[in-house]
Amino acid sequence: MKIKLIIDKKYTEPEIHICNEEKNNETERLAGIVSQAVNATITAYTENGVELLLCEAVIRIYTENQKIYAATASGTYRLHQRLFEMEEILDGRRFVRISNSEIVNLRKIKRLDTSMSGTILMYLQNDITTFVSRRYVSKIKKVLGI
Amino acid sequence: MMNMLKKALFRGLSGFMYAIAINVLLALIITAIVNEPGFVPLVPDYAAHFSSKFTALLTQFVLIGFTSAAFGAGSVLLEIEHWSLLKQSIIYFIVTTLVWVPVSIFCWGIAKYTVAFISMICSYVLSYAISWLIQYNLCKKSVAAINEKLIQLNESELE
């Protein structure tokens, strides 16, 4: 993929164009990535239509019944991207994968706890409790600089 | 689920093939070291179950392959995320023990002497329990370190 930087006085503010011979999944995906990278928002879907969620407001993004949801303090929203795509889009310093089915916002974690049976529980804001896969513990430590 | 089954199948097959390759190599090395005509590295009681030493050796290789396959395929149990470490470990322990103990009894007659058999099983259980405790403590330490860092992170956000 070619990336061009065009400097011209006719542009009064920065613009990003994605050019292709046709609109397809790839162009949509690119548009989504660029849009979210620039605006720090996630496109979410509700019964009433589309909403833009501020990434910093998202508590967690998770898979349930093969659908992806984003939970914020104000509610839960359906997302159209897949979890690995969300992982690519989101800021890796703020969000971390904690299991095969979940990504959480580091700033929304209250604490972690280990049960007697060895399950790692994660307590998040809004009284959300989830579990952490041991396979991702080293990744969490790395993101936190431990 | 399908992904896990594929993973189990791949690990089982890999374990089977590696175990056979290693055991063929070991049998060749032992035979070369002993260097006696007609020697085959087999326990006599086990070899007596077969009409020829070759069949006995071949069967032993296959059984060792199955044992290794059970350990390999069973390792996917340790990756089931919604199971606790305890549940994963206990089920993995049961699955693998159900394979290696009968194979060992048959091939090497480990149940011939009851005291030796019991002490071997006990030492296996003990080493398994110790390794579980080590894993559990490492996990607790990691969680404590993460919690400490989260507190620092929250404090720096407040400032």
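Student: Is A:Gly145 buried or exposed?
Tutor: A:Gly145 is exposed, because its C-beta has 9 neighbours inside 10 Å. The cut-offs: buried means 20 or more other C-beta atoms within 10 Å, exposed means 12 or fewer, and partly exposed is in between, with C-beta atoms placed from the backbone. This is a predicted model, where local features need pLDDT of at least 70 and side-chain atom pairs count only at pLDDT 80 or more, while totals for chains, interfaces and linings use all residues. Residues are numbered from 1 along each chain as its sequence is written, and chains are lettered from A and ligands numbered from 1 in the order in which they are written.

Student: Where does A:Gly145 lie?
Tutor: In the segment after α3 (137–143) of chain A. Helices (H or I, at least four residues) and strands (E, at least two) are DSSP runs, numbered from the N terminus.

Student: How far apart are A:Gly145 and A:Ile3?
Tutor: In space, 32 Å from C-alpha to C-alpha. In sequence, 142 residues separate A:Gly145 and A:Ile3.

Student: OK, confidence. What does chain A average in pLDDT?
Tutor: The average is 88, and 97% of the residues in chain A score at least 70. pLDDT is the predictor's confidence in each residue, from 0 to 100.

Student: Which elements of chain A have the lowest and highest mean pLDDT?
Tutor: Helix α1 (residues 25–39) of chain A has the lowest, at 78. β7(A) has the highest, at 95.

Student: Which strands does β3(A) pair with?
Tutor: β3(A) pairs antiparallel with strand β4 (residues 67–72) of chain A, over six bridges. β3(A) also runs antiparallel to strand β7 (residues 102–105) of chain A, with three bridges joining them. Strands pair if DSSP finds at least two bridges between them.

Student: Which residues are partners there?
Tutor: A:Arg60 has A:Ala71 in β4(A) as its bridge partner. A:Ile61 stands opposite A:Ile103 in β7(A).

Student: How many residues of β3(A) are buried?
Tutor: Five of the seven. Strand β3 (residues 58–64) of chain A is mostly covered.

Student: What is phi for A:Asn65 and for A:Gln66?
Tutor: A:Asn65 has a positive phi near 50°. For A:Gln66, phi is positive at about 65°, although A:Gln66 is not a glycine. Most residues other than glycine have a negative phi.

Student: Why does A:Asn65 count as exposed?
Tutor: Because A:Asn65 has 5 other C-beta atoms within 10 Å. A:Gln66 is exposed as well, with 7.

Student: New topic. What is the strand order in the open sheet of three strands in chain A?
Tutor: β8-β9-β10, paired antiparallel. β8 (109–114) and β10 (128–132) of chain A are at the edges, each with a single partner strand, so one side of each has no neighbour in the sheet.

Student: How many bridges link β9 and β10 of chain A?
Tutor: Five, in the antiparallel sense, with β9 covering residues 120–124. One pairing there is A:Tyr123 with A:Thr129 of β10(A).

Student: On to chain B. What does the domain assignment give?
Tutor: Domain 1 is 2–110 and domain 2 is 113–159 in chain B. Those bounds come from an automatic or database domain assignment.

Student: How far apart are the C-alpha centres of domain 1 and domain 2 of chain B?
Tutor: 28 Å. The contact takes four residues from domain 1 of chain B and seven from domain 2 of chain B. Two residues are in contact if their C-beta atoms, placed from the backbone, lie within 7 Å.

Student: How many residues of chain B are in contact with chain A?
Tutor: 18 residues of chain B, against 22 residues of chain A. α5(B) gives the largest share of the chain B side, 12 residues.

Student: Last one: where is B:Pro102, and why does B:Pro102 count as partly exposed?
Tutor: B:Pro102 lies in helix α4 of chain B. B:Pro102 counts as partly exposed because it has 13 C-beta neighbours inside 10 Å. B:Leu63 is 39 residues from B:Pro102 in sequence, and 9.9 Å away in space, C-alpha to C-alpha.
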